[in-house]
Amino acid sequence: MSGQDKISPSLAAEVLAEFEKDWRRELRKAVPVKERMKIGRQPMPQRAPGDRNKDFSEVNLGLAAAEAVAEARRCLDCAKPGCIAGCPVRIDIPTFVKLVEKGDFAAAAAKIREANSLPAVCGRVCPQETQCEEVCHLRKATGVAVAIGNLERFVSDYERTSGGAAVPAIPPPTGRKVAVVGAGPSGLTVAGELARAGHRVTIFEALHDAGGVLVYGIPEFRLPKAILVAEVAYLERLGVELRMNFIVGKTATVDDLRADGYDAFFIGSGAGLPNFMKIPGENLVGVYSANEYLTRVNLMRAYDFPRYDTPVFPGRRAAVIGGGNVAMDSVRTAKRLGAEQALIIYRRSRAEMPARVEEVHHAEEEGIEFHFLTVPTRYIGDEHGRVKAMECLRMELGEPDASGRRRPVPVAGSEFMTEVDLVVCAIGQSPNPLIPQTTPGLSIGKWGTIDVDWTTMATSLPGVYAGGDIVRGGATVILAMGDARTAAAAMDRRLREGAPK
Amino acid sequence: MPRVVRRERLVPNIHVLEVEAPEIARKCQPGQFVIVMPDARGERIPLTIGDWDRERGTVTAVFMAVGTTTRKLSLLKAGDIIPIFAGPLGLPSEIGAVGTVLLAGGCFGISAIHPLARAYKAAGNRVIVLVDIKADYLLYWRDKLAPHADEFVISSRDGLYGATDYVPRHVRDILGREKIDRVVAIGCTYLMSSIAEATRPAGVRTVVSLNPIMVDGTGMCGACRVTVDGRTKFACVDGPDFDAHLVDWAELYARRKSYFDDEVRSLCAWEEETYP
């Protein structure tokens, strides 16, 4: 989809040059492959399930330096690594991992930063098992991949706690102004890349904190806000300006900003509009979209109510509809807010769940109940219009559908009723409509997404690029960042060529 | 950051807030709202825009001090900074030359119908303004509304301004007296739903500006969903104006009251902290 199945010839040349450096050769010789393959994957230290499911502090504690070096030693430093092409932002993974093995953590961090503006975030939230770690040759040989994600997290945490990332030398200002719409994963990435290239970048963000889904969606126990704050502060040190509470499309349109002298635009306005199933009772009190539920708890800090003013229902028996990462975040949040029972209701089976393996595993440890092959058909309210029960239907798996997953088919007559006092719908969202509605000439696809040329992320309007959920409809942080890297490269070329505004 | 130009008590419990927000002042249209958060621990709430000055770059909203957020807003002074004053949000009201328009407002809605009165009058309509107040001393902005009104009707419950009756009776009287082409009602849910029932038998087109609970206000969270004509709509991006006769009022009442107990708890906690 992104047009990036292979790594570019220039990157391949850089990777090879690193591979052939003397220290790398020596490191490869120092430990035989057989010995490396005998080392077990270093487990991620984490808080005990019975403790962590009562508060919002982070679950994973991070590898210690000796554990990180041992993990890095497992990497075979393959001559033809698969991992780099498995990474949507094309980090030179073998080089950073070998720098960890060598003990040069600062250099490893700098290596990652060449390709990734948000390493501490990606080390925590990327689905590595379906990306870099899936194509790891060690996994093919032994069944257990190098823990690339855990190493990325280790290296970026080391960098942050030892004085922070050094600001690279920035070329002289180009005099070009770039407007980035949305301070989410794609917007932050584009801003970092273009600021480093010498352009003047302003990010316009509708909410009052930067981060997009990283701040309103992903909970503190998986991605502490302090990590994000540090990443955003780094961008500000690169010279990026942030305009908060500025809703492009409303406070000013793209055309208004063009008239104000912006030369290029990146639209990363994300997925708005939560989807519902359109079944009876979905607007009862106590039925939330995952976006609202998580926004109340994360962005507005409802977990600290009434010290913070925004409330949220705690729920006694909470049901979360869906099987993705957002569903896992929601159900684990409900448990932490005091739900005696917190359930996942998913229409397919365990094998089809799109959530990261680690999130599912953590949820199970924390006492989340999984109800597979089940779908709600209606919600029942009490006399105050509050949800008190839901009717569900059992499903069975039929033939594979367009996604390749077996289609769930209702089992006739299998309806049953179950008591719930909190429901969170985590079945996806549609693109935010504000920019498409207010930007004449912008070509929009049938699902409300912005149409782009996938090789450059250029939209139908000259100088306007887009990426992330506003073009994909609903994807991951790292795919949004991959789009952003592609867009930033094309935008930089355009700004340097001095194309007409 | 948005700076408070003016915050005054207009009448008991009702305050006016004028804020320096040049970008919003340049863009806003009748019927739109802003999202306001009074401090870093506050809640985001929508306030309907009651006036603006494009030259001075200010936006004005009127609110009633009821919960924690509005109490905090009611303590602002000129020169204070509001961390969040974002907008203009929602779709602008559709204003046309329709003939005779009855604009009914109660509580904060008296200010919210002001931009509509100005725009409908400018569009060549006959404009009847009907304000609903509990007692005569709660009337505000008569001077701002009157210049745009061909007729100014006050529905007061203490009788100093005429009949002691609720606003739906006035609406029925006006409908019985002359041909009304459109009714717009803005205020509490009770005011809007009772006017909807008053105009329903005659089938007069009636528009309400709905006031569900919102969080982000930009179409992201879905807190503000309302059922209109059997379909779920998001008031922040599909509204806030809707056809009053198609709104599921019972659902809106229930959803408005979602956090009633929490609102009391929040206010008590804030009072204990603020006035120890």
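View 1. You will find A:Gly211 in the loop between β2 (200–204) and α13 (213–216) of chain A. Helices here are DSSP runs of H or I with at least four residues, strands are runs of E with at least two, and both are numbered from the N terminus. Leaving aside residues up to four places away in sequence, A:Gly211 touches A:Ala183, A:Gly184 and A:Leu228; two residues are in contact if their C-beta atoms, placed from the backbone, lie within 7 Å. A:Val155 is 56 residues from A:Gly211 along the chain, and their C-alpha atoms are separated by 21 Å.

Before the next view, a word on the model: it is predicted, so local features need pLDDT of at least 70 and side-chain atom pairs count only at pLDDT 80 or more, while totals for chains, interfaces and linings use all residues. Residues are numbered from 1 along each chain as its sequence is written, and chains are lettered from A and ligands numbered from 1 in the order in which they are written.

**View 2. Helix α7 packs against helix α11 in chain A.** Here α7 (residues 93–102) and α11 (residues 148–161) meet at an angle of about 60°, with their axes 11 Å apart. Axes are lines fitted to C-alpha atoms, for helices over the stretch in contact, and angles run from 0 to 180 degrees between N-to-C directions. The two helices are therefore oblique to each other (under 35 degrees is roughly parallel, over 145 roughly antiparallel, 65 to 115 roughly perpendicular, and the rest oblique). From α7(A) come A:Ile93, A:Phe96, A:Val97 and A:Val100, and from α11(A) come A:Ile148, A:Leu151 and A:Val155. By class, the contact has seven nonpolar, no polar and no charged residues; Ala, Val, Leu, Ile, Met, Phe, Trp, Tyr, Cys and Pro count as nonpolar, Asp, Glu, Lys and Arg as charged, and the others, Gly among them, as polar.

**View 3. Helix α5 of chain A also packs against α11(A).** The axes of α5 (residues 65–74) and α11(A) come within 10 Å and cross at roughly 140°. That makes α5(A) oblique to α11(A). On the α5(A) side are A:Ala68, A:Glu71 and A:Ala72, facing A:Asn150, A:Leu151 and A:Phe154 of α11(A). This contact has four nonpolar, one polar and one charged residues.

**View 4. Chain A meets chain B.** The contact takes 32 residues from chain A and 37 residues from chain B. On the chain A side, β5 (271–274) and α16 (290–297) each supply at least two residues, and α16(A) gives the most, with four residues. By class, that side has 15 nonpolar, 12 polar and five charged residues.

**View 5. Two domains touch within chain B.** The domain assignment gives domain 1 (3–89) and domain 2 (93–199), with bounds from an automatic or database assignment. Their C-alpha centres lie 23 Å apart. In the contact, 13 residues of domain 1 meet 14 residues of domain 2. The largest share of the domain 1 side, four residues, comes from β4(B).
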